[in-house]
Every structure is written in C-alpha cells, then in structure tokens.
Protein chains: 2
Amino acid sequence: MFGVTILGNNSALPAYDRHPTAQIVTLHEQLFLIDCGEGTQMQMAKFKIRRSKINHIFISHLHGDHYFGLIGLITSMGLLGRENELHLYAPAVLKDIIDLQFKVADTKLPFALHFHPLLQEGLVVEGKRFSVECFSTQHRVECWGFIIREKKHPRKIDKEKVLQFNIPAVYYSHLKNGADYETKEGDIVKNEWVTLPNAEPRSYAFCADTIYDELLAEKVKNVTVIYHEATYLKDLDDRATARFHSTTEQAANIAIKANAEKLLIGHFSSKYEVLDQFLYEAKEVFPNSELAIEGVTFKI
Amino acid sequence: MFGVTILGNNSALPAYDRHPTAQIVTLHEQLFLIDCGEGTQMQMAKFKIRRSKINHIFISHLHGDHYFGLIGLITSMGLLGRENELHLYAPAVLKDIIDLQFKVADTKLPFALHFHPLLQEGLVVEGKRFSVECFSTQHRVECWGFIIREKKHPRKIDKEKVLQFNIPAVYYSHLKNGADYETKEGDIVKNEWVTLPNAEPRSYAFCADTIYDELLAEKVKNVTVIYHEATYLKDLDDRATARFHSTTEQAANIAIKANAEKLLIGHFSSKYEVLDQFLYEAKEVFPNSELAIEGVTFKI
C-alpha cells in the first residue's frame with residue numbers, strides 16, 4: 001500500500017467545513033504526516049487515522065495553516081501514553097516555539113521527540129523501504145516540499161531459467177538484489193538472464209506552498225503523483241503571483257513538465273465555496289488531475 | 001441578554017466529538033471569549049458565533065487545552081480583515097509565544113491587538129454595562145478564573161409618585177441613577193420615595209481548572225451562575241487532587257458555599273464517554289446543576 005489521505009485542503013483558514021493543510025502518506029506499514037494545520041488531530045479521529053503509527057512528521061513552512069495543529073497533536077500523543085520515538089522535520093525555528101509551549105505548560109513527553117531542522121535540499125530520512133527528500137520552494141517564507149519514495153523493488157526470479165542454470169534456491173535472495181551467479185565450473189550466469197525486472201518504485205511529491213516555478217518541475221521530475229497547490233482559479237494568476245501562490249493552470253503545467261502520472265491539487269482559497277471549476281481547469285491542461293478532497297485516499 | 005454558550009467541554013484532549021475548553025459569554029451586545037482550545041474557530045463556525053463581535057478574550061492558563069486554538073483564531077480574524085481592536089487578558093508569557101509565532105510567519109495584523117498580562121486579582125476591564133474581574137485558582141501552573149458582572153441596573157421611576165411630587169420628566173434620568181430631587185421651595189424629595197429598585201445585577205464566574213479549594217467559594221461569593229470544572233466522578237477524588245482537578249461532588253460543594261443560583265460543570269475527562277453520572281452526582285449535592293453541553297447557551 002502506497003497512498004495519500006487528505007485531512008485538510010483549504011488555505012489560510014478553515015471554511016465550508018474544509019480544513020487547513022494536512023496529509024497522511026501511507027507506505028507499507030509506515031504513516032507519514034505532512035503538515036498539520038489546526039484541527040488535524042480531530043480530522044485524524046474522523047477519518048480513523050491511527051496516530052500511534054505515525055513516526056515521522058514533516059512541516060513545510062511556518063504559516064499557521066500548515067502547523068498550528070502540531071503542538072496539540074504532539075501533546076495528545078503524550079497524554080495517550082505514546083512511547084515510540086517521534087521524528088519531526090521542519091524549519092529550525094519551530095523547535096523554539098515547541099520548547100516554549102512545553103516549558104510554560106511544564107509538559108514532559110513520555111516519548112523521545114527528535115527534532116531535525118531542514119537546512120538543505122536532499123535526503124532527509126531513509127528506512128528499509130522508503131526514503132524522504134526535501135527541496136525548497138519559492139514562497140513568502142522559508143518553505144520546503146517533500147518527496148517520499150519507495151525503495152527499488154527486488155528483481156523477480158525467472159523460475160524456468162534458474163532451474164535451467166541449476167542455481168540453488170538458497171542463492172535466490174542474492175539474485176533478487178541483482179547479483180550474478182558463478183557456477184562450480186567458474187562460468188558466470190548474468191543476473192538479467194535469470195531474473196525479471198519488478199515494478200518501478202513509485203514516489204509522491206508534496207510541493208507545499210509555492211509560486212509558479214518551472215525549476216520546481218525539475219526537482220520533482222518523474223514522480224508518480226505530484227501534489228501541487230492551486231490556491232486560485234486561472235483568472236487570478238496576478239493575485240497568485242503577488243501572494244507567492246499558484247493557479248490551477250500553473251499547477252497542471254508543473255505536472256506536465258515534471259512528467260508526473262497524476263496531479264492532486266489543493267490549498268483552495270476560502271474565496272471559493274464550490275470547487276468544480278478547479279478540477280475542470282486542471283484537467284484541461286493535465287487530464288489526470290484530481291481535487292485533494294478531505295477523507296479521500298489516493299493510490300500512488 | 002446575558003448568557004454563556006459552551007464551545008468545548010472536554011479536558012486535556014478532544015474525544016467523543018467533545019472539544020477542549022472554550023466558552024462565549026454574551027452580555028448585551030458584547031461577546032467575551034473565555035479560553036480557546038484547539039478548534040475553537042471551527043466550533044464558532046458550527047454554532048454561528050459572530051467572531052467579529054468578540055472584543056475581549058480571556059485565557060485562564062497555558063495548558064494547551066485552554067489556548068492552542070488562540071493563535072489560529074487571531075490569525076483568521078486578521079485574514080478576514082478585522083479592524084476593531086482586540087483585547088487579550090492572559091498569563092504574561094503568552095505574549096512571547098504569540099509574538100514568536102507572528103514573527104516567523106511575518107504576520108502583520110490589520111487591527112490592534114492589546115495584550116494585558118494578568119498580574120493580580122481584581123478588576124481586569126470595565127465597560128458601560130459590564131465589568132470583568134480575575135481571581136487566582138489553585139492548579140499545576142499559574143491559573144486564573146474570571147467573573148463577568150452586569151453593571152448595577154438604574155432604578156425604575158414610580159410613575160404615580162413622580163407626578164404626585166411634580167418632578168419634571170427631564171429630571172428622570174437623574175432619579176434613575178439614585179439622585180434626590182430638590183423642589184423650587186427647597187424641599188428634598190428622597191430618591192427612594194419616587195423610584196423602585198430594579199433587578200439585581202447578575203454575574204457569571206468561570207472557575208477555570210482548580211483543585212477543590214474552599215477559598216475559591218469566597219472569591220466568587222453570590223454569583224448568579226458558577227462554572228466549576230468536574231474532571232472526574234466523585235470516586236476518583238484522589239486522582240483529582242493529585243492532578244489539581246476536581247470531582248462532581250467537589251464542584252457542587254463549591255456552588256453551595258458560593259451561594260450560587262446555578263452550577264455548570266465541564267472539563268470532563270476523556271476516560272468517560274457517557275456523562276449522565278456527572279449530572280446525577282452534581283445534582284445530588286446541588287440540585288440546580290447542569291452539564292456544560294457544547295452548543296448550548298445557558299441563561300445567566
């Protein structure tokens with residue numbers, strides 16, 4: 001399972017029962033939380049997200065609609081007796097805010113909270129089956145996007161061929177990882193003769209808040225699914241640019257340039273009660289577009 | 001109109017669709033917000049509270065379930081273009097937290113936010129038709145309760161008597177405010193001969209988080225309605241004491257000692273999904289008790 005569940009898709013402030021930004025990425029047994037606007041813990045309860053399964057939290061930037069729910073979520077995790085360590089990746093100054101809020105409340109968490117300031121683009125964390133990279137985006141304040149990638153899948157054994165070459169079963173795990181086989185006679189059986197390629201590893205890029213920026217497309221080139229903000233419809237591109245945000249059309253153009261398979265758009269302005277036109281305008285440019293609707297899980 | 005609308009009645013963390021502490025007191029045309037747990041702005045939208053009418057916010061203490069929603073609310077007021085000044089009364093260090101959060105987001109509010117640190121018991125703010133006092137409560141951190149009082153009502157004109165004494169109508173407003181009348185002949189008409197007393201001014205005491213404390217009853221003596229936390233049922237009085245909280249029975253005893261007309265209990269522990277027993281236990285001691293149910297407005 002590799003998917004993203006939308007917990008909040010509105011920008012700036014809650015409106016029309018839409019909530020500020022938060023997304024859960026599920027990859028095998030791991031849950032990753034990206035951004036955490038106010039009320040994220042309530043949205044988790046509503047959509048039955050198991051917060052005890054979250055070990056990594058990524059905060060893109062310190063506008064309130066992307067992190068005001070974080071302190072409450074972490075506090076609640078502590079009150080619920082969490083013991084597993086929690087890793088938080090965010091702009092450096094967030095640590096000062098959290099430390100001050102815990103200090104005045106005399107809060108002692110029952111688990112280790114590891115704070116990792118985002119300082120440069122590149123690998124942020126790596127597990128057996130995933131990696132997360134960050135990249136900077138162009139917004140009014142320091143802002144980071146994230147790419148969550150599956151690790152490369154092992155190759156598949158070609159059963160006929162391994163029998164043909166008399167390769168013992170104990171050696172299959174090496175073959176899966178790409179090794180050649182040497183026979184007793186010293187002959188080399190090339191890996192690609194006896195294995196088949198597996199599915200390409202998939203990836204998800206969360207592009208945070210950003211002005212239209214073609215460089216961004218290069219940073220997330222060839223991801224499977226791209227989330228790109230579309231705060232405004234295309235007629236308001238001047239306003240989008242002035243506020244370092246993007247339009248539907250711009251988001252869709254980035255998806256094309258990035259060569260993504262699918263585009264999710266969100267971070268809708270509270271100007272808009274109805275969202276149909278967002279989908280229409282994005283699809284006009286990039287047909288495989290979807291609205292980041294709250295409560296929906298999109299397969300990656 | 002003098003009433004209190006409950007926006008959150010749960011303690012520590014949200015649970016069973018109950019929210020952390022927040023209450024709106026309506027007094028004539030004024031709205032006062034007391035405490036502001038996470039999600040308060042969403043609760044305001046749900047219960048149709050006109051946040052533009054709030055000019056005074058009171059924060060009892062800096063445990064997250066009493067203030068984590070404040071920064072989001074104030075930010076949203078700014079985004080919605082509020083221009084009226086806003087007064088915030090809270091423990092002093094809250095200013096540092098807010099200033100830091102605004103600084104990192106480069107937030108400039110379009111209205112004046114006046115921060116008033118709570119430093120000693122007594123009058124906090126006074127208007128034409130209301131006054132608010134604060135008093136300290138015994139909790140694990142610095143904690144304040146609040147009493148919101150109507151101003152004394154003017155006396156009522158006794159229409160028969162004013163005609164009898166030939167008092168000109170232009171002088172009635174002085175009579176209402178308690179003045180005597182001097183006739184042309186220099187005789188004194190005593191105010192109480194020609195006016196009638198009006199209803200006693202009413203008052204609401206919000207007792208914040210507190211351990212059972214009989215001194216508290218003295219501080220809120222004779223208020224019309226008292227809100228007192230009842231985090232636990234009466235069998236858990238040891239736990240309540242250890243955590244500087246109170247039980248149903250203790251809340252009801254304070255209401256008796258304070259000579260209040262009505263008791264509201266809230267701040268229920270997430271241990272409890274069903275609340276019936278809270279009401280039963282409070283009423284056993286103080287019959288005019290009610291549960292502080294979210295969305296309900298209680299007349300004061």
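A:Phe206 stands opposite A:Tyr227 in strand S15(A). Strands here are DSSP runs of E with at least two residues, and helices are runs of H or I with at least four; both are numbered from the N terminus. This is a predicted model, in which local features need pLDDT of at least 70 and side-chain atom pairs count only at pLDDT 80 or more, while totals for chains, interfaces and linings use all residues. Residues are numbered from 1 along each chain as its sequence is written, and chains are lettered from A in the order in which they are written.

Strand S14 (residues 203–206) and strand S15 (residues 225–229) of chain A run parallel, joined by three bridges. Two strands pair if DSSP finds at least two bridges between them.

Now the whole sheet. In chain A, seven strands form an open sheet with mixed pairing, in the order S7-S8-S9-S14-S15-S16-S17. S7 (122–126) and S17 (289–291) of chain A each have a single partner strand, so one side of each lacks a neighbour in the sheet. Neighbouring strands are turned by 20° against each other on average, direction ignored. Helix H10 (residues 276–285) of chain A packs on this sheet and touches S16 (262–266) and S17 of chain A. The direction of H10(A) makes about 165° with that of S17(A). Axes are lines fitted to C-alpha atoms, for helices over the stretch in contact, and angles run from 0 to 180 degrees between N-to-C directions.

Next, the two chains together. Their contact takes 28 residues from chain B and 28 residues from chain A. Residues are in contact if their C-beta atoms, placed from the backbone, lie within 7 Å.

Note on methods
Two residues are in contact if their C-beta atoms, placed from the backbone, lie within 7 Å.
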